[in-house]
Amino acid sequence: MRLISDALARPARLGRLAIQFGLAFAIAMIAIGVIGFGLADHWVSSRIDQSLTYHADKYVAKVEGDPSAEMHLQAAILEWQHRKVLSERTYILFDRNDRRIAGRLDIRPPPAGFSYVHFTGGGRHVEEGRALAKRLPRGGLFVVVQHSEAAEGLHAILPWAVLAICLVALVLGVSATFLFAKLTAERLSETQHIAAAIAAGDLSRRIPMDRLDGMFAEQGESLNQMLDHMEELVRAQQLFSSNLAHDLRTPLMRLRSLLETASRDDQVTFPSLLERAERECTSIINIFDALLRLAEIETGQHPTAMAQVSLRPLLEDIADTMEPVINDCGGTLAVRQLDDVTITGDPDLINQLMINLIENVATHTPRGTNVTLALESGESGAMITVCDDGPGLATGDFVRITKPFERGSAASARTGSGLGLAIASAIARFHRGSLELVDASPGLEVRVRIPANDDQNASVRGGMPRAS
Amino acid sequence: MHLLIVEDDHVIADHIVSGLGHIGHSATLARTGAEAIKAWTERSHHAVVLDRMLPDIDGMSVIDHMRSSGSTTPVLMLSALGSVKNRIEGLQRGADDYLAKPFSLDELAARLDALVRRGTSRPGKIGLEVGSLQLDASSHRASFRGKTAALNRKQYSLLAHLMSNADRIVTKAMLLEAVWSYSFSTATNIIESNMSRLRTGLQEIGCDPIETQRGAGYILRSERCA
């Protein structure tokens, strides 16, 4: 308990989630940066190639088919050199022996087509340029070289830009996550305080909903519902325990009285007193047997032999068995209607359900009460009715009486385990059915509904798993 | 009959040994699993009464040990674990019967008797006959010296069970298990009421072989069917 409340009292840790989120954000930014710069680089390169093609064609087209093309081009280059003082583009002409005959750039003749050339610009600084070389008909080579400062700059800043973006993205991502987690934690802290209080034993606490919205409100609401259910369960458990203790007091008191009498009295009454004491023991044992059975069914620990159960022969058997019992109580057992219905169920449990309901009449109604049994087939499955013409129940008893150790307020003797209807009800729930008490005026009618041939029987149980 | 009783609780163990001695059975008492295995190898027993929870080894392991040596001696398992699940576990591990605590000595004695005699039991239920009392499986009729009585299914099964266990005590719990196949105890006198109907039916044809043993159960006397 202490550990739980300590854990809940600690502020929420944000570290790992924030870092993970920030990293994911940074990786995404790197990817976007690399793709963006890749595209820009490609665009610049293709613009350079287009420009080279345009200018090379402009010169070469003028001398197309001219036998003295080299001479004309040499003149054109010289003329261009006079005209242009500053340009990112330059022209070079080689003769058939790869000798430079025009142009200022000192490079070796590149292969025909596009290529990269290296040259010493200004002093000792080696620079790179894009070249387009065109072979002339007489064997000469006309080369246009473009040296783009912009493209080179772009290449130079690319890694730095990517790195800078990453860092900024990482910082932004982590701080955004941190902020979000902090806001979330603030909203959850109230819930944590409530959870700590509940763990400490105050089951009446609930999460206040007034300051919550969106998913927090939804979560708070479902937690509150769970708490309502838990509180109900705990209260039922407490009531169950106190009822059990009370119910055991009567047979234990009787047992003690008998033993005391036996120790005082003469030897003549001894055997009959001992026999009565044994009967009291049996009734205590019966309460425990029934309790065990109830727990077994409700926690789903009953080893189920789920099978196709034809209810008609089962009820005929029950009627055969219980008719003498009801007769001995001065009443009759009649069968009103028996339809053919097959359900998926545990025959042992269905037998107990039926025996409990009929025994209930035998033990809790005056002598001479008659029982009518019916089995009807409906759309939703089988409906078993056990109806008696006894005094029935007081209005307030209908809901209460299916709970453990609850008896009708008019029931005079505290006979039986006090668990008969609770077990019957648990068996009905186990079969995904229901048990309903109806005022038959006069008398009580118990209606048990069990879905016919339910496919999902085996995995889903009516019982609730016990919390450990 | 000589029995091996394996039970670590002194009060219960003494109660069983003296109680069984009272009805003429001798017994060797073992208080641990090791003692049980030792006593088991030293001499032969007609049956074993074995507590499931022992201080040293599990009662189930004792059964495993006995069964691995090829023994078919009947074992009746005693246990404080009384749910249907526990019972099935015990029977699956090789016990021949399973009795949950608390139990009465009459119940234990009757069940031991049934277990030991099971090996020498009369075969089948076909043409069930004790003296002049005959039970016909197809018509569910009992006949005695030319007179017949019609029985309902429950009365028929009751009589059949009593007849195949003639001259032995059959307890109510045994009848609930064997005739009704109920794994739960009942609050009313289901057995008494049904038995009384069966006896009335038999008395009408001049036969009254069923005797009530107070607190213990019922016994069908073969000499009264002559």
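Leaving aside its neighbours within four places in sequence, which residues is B:Asp51 in contact with?

Modeller: The structure is a predicted model, and the contacts below are to be read as such. Once neighbours within four places in sequence are set aside, B:Asp51 is in contact with B:Val6, B:Glu7, B:Asp8, B:Gly59 and B:Leu78. B:Asp51 itself belongs to strand E3 of chain B, which covers residues 47-51. Is this residue buried or exposed? B:Asp51 counts as buried because 25 C-beta neighbours lie inside 10 Å, where the cut-off for burial is 20 or more. As to annotation, an unreviewed UniProt entry lists B:Asp51 under "modified residue: 4-aspartylphosphate".

The confidence values place this site in context. Chain B has a mean pLDDT of 88, and 96% of the residues of chain B reach 70 or more. For the complex, the predictor gives an ipTM of 0.85 and a pTM of 0.65.

Chain B also meets a partner chain. In the model, 23 residues of chain B are in contact with 25 residues of chain A. On the side of chain B that touches chain A, at least two residues each come from helix H4 (84-92), helix H6 (153-164) and helix H8 (190-204). H8(B) gives the most to that side, with 5 residues. Sorted by class, the side of chain B that touches chain A comprises 11 polar, 8 nonpolar and 4 charged residues.

Terms used
Residues numbered from 1 in each chain as written. Chains lettered and ligands numbered in written order. Predicted model: local features only at pLDDT ≥ 70, side-chain atom pairs only at ≥ 80, totals over all residues. UniProt positions renumbered as here; feature names shortened; annotations may be inferred. Helix = DSSP H or I, 4+ residues; strand = E, 2+ residues; numbered from the N terminus. Buried ≥ 20, exposed ≤ 12 C-beta atoms within 10 Å, placed from the backbone. Contact = placed C-beta atoms within 7 Å. Nonpolar A, V, L, I, M, F, W, Y, C, P; charged D, E, K, R; others polar. pLDDT = per-residue confidence, 0-100.
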